[in-house]
Amino acid sequence: MEKQAPSEMGIISSESPSHIKLLIINRELLVTHIRNTQCLLDNLLKNDYFSEEDAEIVCACPTQPDKVRKLLDLAQSKGEEVCEFLLYVLQQLEDAYVDLRPWLLEIGFCPSQLIQSRAVVNTDPVSRYTQKLRHHLGRDSKFVLCYGQKEELLLDEVYTDTIMELVGFTNESLGCLDSLASLLDHSMGILNEQGETLFVSGDAGVGKSMLLRRLQGLWASGQLDTGIKFFFHFRCRMFSCFKESDALCLQDLLFKHYCYPEQDPEEVFAFLLRFPHTALFTFDGLDELHSDFDLSSVPDTSSPLEPAHPLVLLANLLSGKLLKGATKLLTARTGIEIPRQLLRKKVFLRGFSPSHLQAYTRRMFPDRALQVCLLDQLEANPNLCSLCTVPLFCWIIFRCFQHFHATFDSTLQLPDCKVTLTDVFLLVTEVHLNRMQPTSLVQRNTRSQTEAFRSGQGLLHSLGQVAHWGMEKSLFVFSQEQVHASEMLEEDLQLGFLRAVPELGPEGEQPSYEFFHITLQAFFTAFFLVVDDKVGTEKLLRFFQEWVPPGEATVASCFPHFLRFQCLGGTSLAGEDPFKNKDHFQFTNLFLCGLLSKAKQKLLRHLVPVAALKRKRKVLWEYLFASLRSYLKNLPRVQTESFSQVHGMPTFIWMLRCIYETQSEKVGKLAARGICANYLKLTFCNACSADCSAISFVLHHFRKHLALDLDNNNLNDYGVRELQPCFSRLTVIRLSVNQITDSGVKVLYEELTKYKILTFLGLYNNQITDVGAKYIAKILDECKGLQYLKLGLNKITSEGGKCLALAVKNSKSVFEVGMWGNTIGDEGAKAFAEALRNHPSLTNLSLAFNSISTEGGKSLAQALQQNTSLRIFWLTKNEFNDEVAKSLAEMLKVNQTLKHLWLIQNQITAKGLAQLADALQENTGIMEICLNGNLIKPEEAKVFEHEKRIVCF
């Protein structure tokens with residue numbers, strides 16, 4: 001047996017390298033670790049170092065080690081150049097010879113110029129499979145299917161980034177991601193180092209699937225430098241198509257149901273198992289994964305070779321029991337949660353910001369004049385702008401108007417009235433139906449919407465039948481038999497309502513179909529419920545079960561026995577549905593309200609008898625009011641001295657959306673009458689800017705003054721504009737963490753100063769600059785009753801700080817001002833110092849984390865000597881030193897009314913601590929001085945432990 005040199009690992013003098021000797025000395029090492037001789041033979045043949053006869057001799061050897069030995073013997077017999085080239089191939093093809101990388105680095109192999117000029121071809125199965133995956137994903141992600149199946153758009157030409165917000169376990173904001181590459185960056189936003197799943201959630205239509213397609217395209221073109229060699233993309237709804245008896249091993253799931261390697265699949269799979277960190281799995285739409293299969297009765301599997309149900313494989317991939325170390329990116333609609341132990345990073349998609357919408361408009365309408373015209377009209381219609389913050393709805397609206405612009409050859413004109421989501425989907429349906437019309441170069445299609453729907457009545461009913469059948473079972477993929485059973489013709493499929501499922505399903509080559517988007521299936525479900533004369537009351541209201549208050553029994557559950565995810569670590573009770581999000585039902589309800597509104601009677605009376613429409617409308621309205629009253633009655637309430645507070649949940653937002661779809665002022669008034677509270681808290685309700693239209697549609701009918709808390713949603717400037725009708729009622733407005741900019745603040749100034757009833761304004765953690773700060777200062781000047789102002793964590797500098805400080809100085813009512821996390825600096829601090837002198841009402845003030853240093857700190861301390869109103873002063877995370885501490889100590893000898901002074905995380909030493917401690921001998925009013933995180937050692941603080949009012953640790 002050949003023996004390897006004990007410790008030298010083949011290192012020889014660099015003055016006279018012998019590549020033959022390297023191969024001889026390290027023969028056994030090479031025999032052990034070269035598992036692919038074919039790749040070496042291909043390159044030796046291509047460069048005429050080996051003959052065909054040489055290759056045949058090697059291939060004739062019975063075992064792999066024998067092939068390697070014979071190949072080395074032949075190479076050594078042919079001289080130094082051949083041996084050097086063989087080493088060069090081993091060095092260049094890293095994936096094929098990954099085990100030899102350390103050895104090649106250790107020997108310091110450096111090929112000559114002659115050898116470097118030789119071509120190296122990569123026929124390694126792993127590299128070939130990576131190339132095939134890139135081609136496969138590049139092809140699938142290059143185009144976006146448009147209306148008809150014969151019309152496609154280049155993804156690169158229409159894709160526009162959306163707001164990607166990093167969030168914590170409890171959905172608190174951790175900032176925004178600036179690129180798709182940062183989504184896969186394992187150094188930022190990590191919640192759990194042991195977790196492996198990057199979880200991306202967002203509302204329906206916000207762009208989750210498009211984000212994955214963009215990610216696929218970037219990886220396929222080599223623009224995503226993450227070290228990923230394998231990219232597997234699955235849509236979760238595909239897993240619902242498997243039968244309970246189906247069983248697959250992991251290799252079959254990846255290769256037979258996604259992309260099969262052209263050669264040596266066993267070698268490719270072995271590489272994947274050995275290096276799972278080189279794989280990225282994307283699973284799109286966890287919320288669409290519904291099945292009768294009960295995972296709680298199936299044991300976990302950690303063997304990649306053991307057959308199991310595909311859902312078990314999915315669950316164990318996400319949990320890390322299979323391919324631990326691989327990156328898994330999972331998407332779902334808002335409301336779905338996965339166990340914390342699986343989470344590595346959590347991201348919310350927030351849709352288009354105003355700048356994103358402008359960029360998308362420019363992409364969709366290259367003509368400059370058309371861009372300006374469209375953007376001007378959008379600016380004039382905040383309702384339409386709000387809908388356009390959801391990328392899917394924006395795309396539908398833009399494409400519809402592109403179609404009408406081309407058809408009628410006229411200037412693009414957006415409606416100047418209120419547009420509901422039902423209007424948008426009726427419009428897109430009309431566009432599809434008009435595509436059935438024969439085209440003519442001389443005659444335009446001028447038929448009305450009514451004529452279009454009447455001519456396509458049979459097709460629409462068939463689509464509704466398919467949609468309703470799937471919605472009842474929470475299924476979104478339909479077999480060919482199910483589609484044909486609805487009497488749909490082959491040419492109907494070309495309209496684009498339904499599209500072929502891209503994946504190869506478990507039934508083999510038999511095609512399956514799905515609606516273009518889940519919202520489209522919901523629309524046709526609602527359409528079927530309206531136009532089908534066999535639909536009775538129970539079936540009409542069947543999807544409203546989500547509105548039943550907690551603890552009350554449902555009349556008839558419409559939900560099937562859903563998949564239980566105990567194997568993901570869930571702890572749901574037996575029979576409880578872990579899928580909290582049922583937006584497909586909620587959208588169905590919303591469209592039902594829109595289609596049964598009086599405004600749509602003119603269209604639908606040609607499709608269904610008017611008496612039937614009135615009967616269904618009456619039933620729906622009665623249920624709508626009863627549900628709203630019952631829901632509000634059962635919501636948690638908090639009674640304070642000034643307010644009766646009710647805390648609404650996301651279902652309440654859906655109720656408001658449904659009421660808005662009716663566009664009935666009578667319905668809006670009745671809904672407002674049912675809100676028996678004067679403080680409406682709607683925090684963390686996933687409300688977007690379009691929801692503000694629904695909120696104001698109801699609240700502007702509220703007869704009394706109202707407090708409205710919309711913190712931690714996704715409203716942005718368009719949402720602020722949509723709230724205009726109800727500003728005359730609002731005394732408390734909380735809009736923190738909502739992507740609001742100076743433009744939205746300007747709207748607040750213009751509206752709130754009309755009524756001057758504001759007492760609380762919360763705008764914490766938005767994107768407000770000095771421009772917006774000046775508008776807020778004007779609000780404070782003109783709204784004489786404003787007591788609370790929350791402006792922390794914005795982008796306000798010294799200029800904005802000075803304007804706000806002057807407004808605070810002039811206010812006789814302001815009680816609390818929060819400026820934490822801005823950058824007002826010393827100049828802003830000096831302005832606030834002037835405001836503090838002899839102020840009559842300011843009681844709580846936060847200037848924490850504002851880059852205030854010595855001069856600003858001393859000014860604040862001196863001003864407090866002439867203040868008797870302030871009780872709490874937060875100055876955490878500034879740059880105060882002992883000089884500032886000395887000024888504060890002098891202040892404490894005079895000011896006996898300040899109760900709490902927070903100086904956490906500054907630069908105060910034991911010297912400053914001693915000065916503050918001495919001052920307390922003359923101060924009986926202050927209750928605490930917090931000095932945690934300063935430059936004070938434990939032993940230094942121990943000297944003052946008798947003074948309980950000083951907190952150092």
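**A tour of the predicted chain**

Of the contacts (heavy atoms within 4.5 Å) between residues at least 6 apart in sequence, 78% join residues at least 24 apart. The model is predicted, so local features need pLDDT of at least 70 and side-chain atom pairs count only at pLDDT 80 or more, while totals for chains, interfaces and linings use all residues. Residues are numbered from 1 along each chain as its sequence is written, and side-chain values use heavy atoms, with hydrogens and water left out.

Start with the whole chain. Of its 953 residues, 58% are buried, meaning under 20% relative accessible area with a 1.4 Å probe and protein chains only; over 50% is exposed, and partly exposed lies in between. The chain has 41 helices and 25 strands, which are DSSP runs numbered from the N terminus (helices H or I, at least four residues; strands E, at least two).

Next, select F398, F832 and F873. These residues have the most contacts inside the largest nonpolar core, which has 198 residues. Such a core is a set of buried Ala, Val, Leu, Ile, Met, Phe, Trp, Tyr and Cys residues joined through side-chain atoms within 4.5 Å. Then show the surroundings of F873: leaving aside residues up to four places away in sequence, its contacts include L836, L860, H900 and W902.

Now turn to the rings. The structure holds 44 aromatic pairs, counted when ring centres of Phe, Tyr or Trp (its six-membered ring) lie within 6.5 Å; planes under 30 degrees apart are stacked, over 60 edge-to-face, and the rest tilted. Select F760 and Y788, a stacked pair at 5.4 Å centre to centre with 25 degrees between the planes. F760 is in strand β18 (residues 760-762) and Y788 in strand β19 (residues 788-790), 28 residues apart. F760 is buried at 12% relative accessible area, whereas Y788 is partly exposed at 25%.

For a charge over a ring (NZ of Lys or CZ of Arg within 6 Å of the ring centre and within 35 degrees of the ring normal), select R134 and W219: R134 lies over the face of W219, 4.3 Å from the ring centre.

Finish at strand β14 (residues 644-647). With strand β13 (residues 637-639), β14 pairs in the antiparallel sense over three bridges; strands pair if DSSP finds at least two bridges between them. Four residues separate β13 and β14 in this hairpin. β14 also pairs with strand β15 (residues 679-681), in the parallel sense over three bridges.
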